[in-house]
Amino acid sequence: MGLYFLCLALFCVGLYGVLRKRNLVKIIIGLAIIEYAMNLFFVLLGYRFHGRAPIDAQDQAILNMVDPLPQALVLTSIVIGLGVTALLISIAIRIYEKYGTFDITKIRKLRG
Amino acid sequence: MKPANIIPLFVIVPLAAAFLISLLGKYVRRFSSAAISLSSVLLLALSLYSCVLLKSAPAKVLVYKVGGWIPPFGICMVLDGLTAFMLVTVNLVAFFVAIYSLAYMNKYTDKPKFFTLFSLMVCGMNGLIITGDLFNLFVFLEIASIASYALVAFGTEAEELEASFKYAIMGSVASAFIFLGIAFLYGFTSTLNMADMAAVLNNKPNLWLLPFVSVLFLMGFGLKAALVPFHAWLPDAHPSAPASISAMLSGVLIKALGVYALVRIFFNIIGVTHTFLTILMFLGALSMVAAVILALSQWDFKRLLAYHSISQIGYIFLGIGLGTPLGILGGLFHLFNHSLFKSLLFLNSGAIDYAVGTRDLREMGGLNKVMPVTAGTSLVASLSIAGIPPFNGFFSKLIIIIACIQKGYLGYGLCAVIASILTLASFMKVQKYAFFGQLKGGFTNIKEVPWQMKFSMLCLAIMCIAGGVMLLPFLKPFLKDAVNVLVEGTRYAEIVMREVVR
């Protein structure tokens with residue numbers, strides 16, 4: 001149970017970064033932390049303590065195996081996260097070229 | 001060929017087009033234009049053909065097993081009434097937008113990159129609509145989202161980059177919530193197949209998990225659909241994109257990613273409750289009224305249209321949230337109509353931007369003398385969105401209001417009427433400032449836009465005028481099948497599983 005709460009804490013740290021930070025780069029880092037927390041949570045869901053790798057060998061009884069599906073899904077999710085982060089960083093670089101700052105309170109050409 | 005074998009083509013065709021355009025578009029002249037036209041025509045034909053196929057299918061559902069693996073162990077793709085309806089909506093708008101972009105994108109550099117991203121977005125939307133697997137839905141959602149983040153920033157001006165950054169951050173947080181919801185559902189049901197998950201959830205009631213997951217999904221998909229408390233990104237992101245992409249974003253993306261995914265998950269997998277429907281109706285009515293009031297004070301043409309998108313999404317949610325067959329019919333019909341007239345209005349704004357070079361309503365004036373096609377089609381679209389009788393918007397709004405009264409929600413019906421009147425007021429302003437009145441001095445030698453752009457706008461306008469025929473008996477099954485899928489609710493599991501073993 002403790003592990004799940006640590007996961008939640010990590011998620012909250014990321015959310016704090018996205019919501020409260022004023023620097024574009026720090027916001028992107030916050031988003032990355034959210035993604036790590038999610039991936040960690042999904043892997044935890046399929047984890048068994050003292051479980052073994054899910055390889056179906058001939059003379060082994062099938063008991064207490066780790067669920068392999070979340071691991072496969074998390075790999076996909078990591079790749080998606082990589083794509084989003086790469087796009088965000090390249091946009092942030094272009095924003096810096098245009099505005100000369102990473103501070104979101106100074107990047108305000110659009111009005112509500 | 002088995003009829004179910006056309007289903008994966010909805011993902012393969014745009015994906016192949018995106019791949020080939022990015023590979024060859026730079027070296028072969030006109031290749032990107034030819035490839036995008038071909039793939040969008042093919043997709044439109046396939047989506048219409050899928051409706052015909054569905055009519056002859058015995059259980060009104062077709063299942064394709066990816067790689068031959070039997071669901072729930074393998075991934076499956078499901079074609080049912082709602083899917084066919086959404087596919088036609090998406091591919092119809094995508095076809096006209098693609099034709100329009102052939103001429104419009106001459107304003108920008110690097111057409112091949114644009115068409116690559118455009119194809120990827122269509123691929124993501126088609127995949128999300130067609131899939132029968134919850135994690136697959138998340139993957140396609142992200143494909144469509146990432147392509148749209150990049151397309152919003154396509155002009156790489158300061159405002160566009162800022163809007164794209166804002167959109168990307170909020171969209172990614174929304175995706176995180178959706179992913180978390182899927183993780184919880186997987187942990188509880190140990191399956192990812194939608195039909196199987198619905199069956200497990202039916203037999204294994206849980207008091208605390210489902211409300212929690214519902215809130216996660218409502219936040220995630222509500223943000224993608226721009227419901228009012230989560231709408232802040234839309235008025236920035238949609239106007240900043242190139243006009244043809246604004247038409248795609250407002251016309252179909254928020255509906256495929258937001259409305260369709262939300263409705264599919266809640267009606268067919270989790271199962272709707274009275275509380276959930278009440279929340280949906282309240283948020284719908286709130287978006288409807290709040291966004292239209294915000295729209296009244298806008299002077300930027302595209303920004304005004306973006307606020308109206310939020311308001312019209314409110315109508316769709318109000319209709320679907322009623323939960324009665326008539327209400328759902330009204331909501332889905334309005335979804336279809338809105339995708340037509342809102343994409344037409346954005347294409348009009350793009351045409352004005354192309355010819356005159358401004359988006360500010362105060363700088364326009366008297367344009368109906370020099371741009372008759374744009375002025376005429378935008379008049380049709382404005383009357384449709386305001387709900388004036390012969391046009392399609394009138395019928396769907398009328399059905400939603402009648403459904404409200406039938407169920408006894410007079411207040412919501414009144415909200416819908418008031419929002420409709422305010423919409424009319426706002427579009428009167430657009431017509432007066434942009435198209436009627438004195439032609440301004442510098443505008444006398446403006447030319448009408450190229451024929452590709454005129455063709456798309458005229459076709460969409462004709463469909464707006466003739467939209468009411470969708471309610472006639474010979475075309476009604478198209479809408480009725482989609483409504484039935486939602487009315488059946490969690491019996492979806494049974495229907496799909498029976499088709500799998502067939």
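Two strands pair if DSSP finds at least two bridges between them; helices (H or I, at least four residues) and strands (E, at least two) are themselves DSSP runs, numbered from the N terminus. In this predicted model, local features need pLDDT of at least 70 and side-chain atom pairs count only at pLDDT 80 or more, while totals for chains, interfaces and linings use all residues. Residues are numbered from 1 along each chain as its sequence is written, with chains lettered from A and ligands numbered from 1 in the order in which they are written.

Strand β1 (residues 61–65) of chain B is joined to β2(B) by five bridges, and the two run antiparallel. One of the residues involved is Y64(B), whose bridge partner in β2(B) is M77(B). Strand β2 itself, residues 76–80 of chain B, is mostly covered, with five of its five residues buried. Buried here means that 20 or more other C-beta atoms lie within 10 Å of a residue's own; with 12 or fewer the residue is exposed, and in between it is partly exposed, the C-beta atoms being placed from the backbone. Cover is found on both faces of β2(B): C76(B), V78(B) and D80(B) are buried on one side, and M77(B) and L79(B) on the other.

Apart from this pair, what does the rest of chain B look like? The C-alpha atoms of chain B fill a box of roughly 70 × 60 × 45 Å along the principal axes, and 61% of the 502 residues count as buried.

Chain A is another matter. It has three helices and zero strands, in the pattern α-α-α along the sequence. Its radius of gyration is 20 Å, well over the 13 Å that the globule rule gives for 112 residues, so chain A is more spread out than a compact globule. The C-alpha trace of chain A spans about 65 × 25 × 20 Å along its principal axes. Of its 112 residues, 24% count as buried. Of the contacts in chain A between residues at least 6 apart in sequence, 48% join residues at least 24 apart.

Where do the two chains meet? In all, 26 residues of chain B are in contact with 26 residues of chain A. On the chain B side, the elements giving two or more residues are α5 (134–152) and α6 (158–189), and α6(B) supplies the largest share, 17 residues. That side of chain B divides into 18 nonpolar, four polar and four charged residues, where Ala, Val, Leu, Ile, Met, Phe, Trp, Tyr, Cys and Pro count as nonpolar, Asp, Glu, Lys and Arg as charged, and the others, Gly among them, as polar.

Over on chain A, helix α3 (residues 68–99) has 32 residues and should span 46 Å at 1.5 Å a residue; its end C-alpha atoms are 46 Å apart, which agrees. The expected span is 1.5 Å times one less than the number of residues. The buried residues of α3(A) include L73(A), I80(A), V84(A) and I95(A). Those buried residues pack against α2 (24–45) of chain A together with α5 and α6 of chain B. After α3(A) comes G100(A), with a positive phi near 75°.

Back in chain B, α5(B) has 19 residues and reaches 27 Å from its first C-alpha to its last, close to the 27 Å expected. Of those 19 residues, 18 are buried, so α5(B) is largely enclosed by the rest of the structure. E142(B), in this helix, is buried, with 25 other C-beta atoms within 10 Å. Leaving aside neighbours within four places in sequence, E142(B) is in contact with I80(A) and S175(B). V139(B), also in α5 of chain B, counts as partly exposed, with 18 C-beta neighbours inside 10 Å.

Technical notes
Two residues are in contact if their C-beta atoms, placed from the backbone, lie within 7 Å. The radius of gyration is taken over C-alpha atoms; the globule rule is 2.2 Å times the number of residues to the power 0.38.
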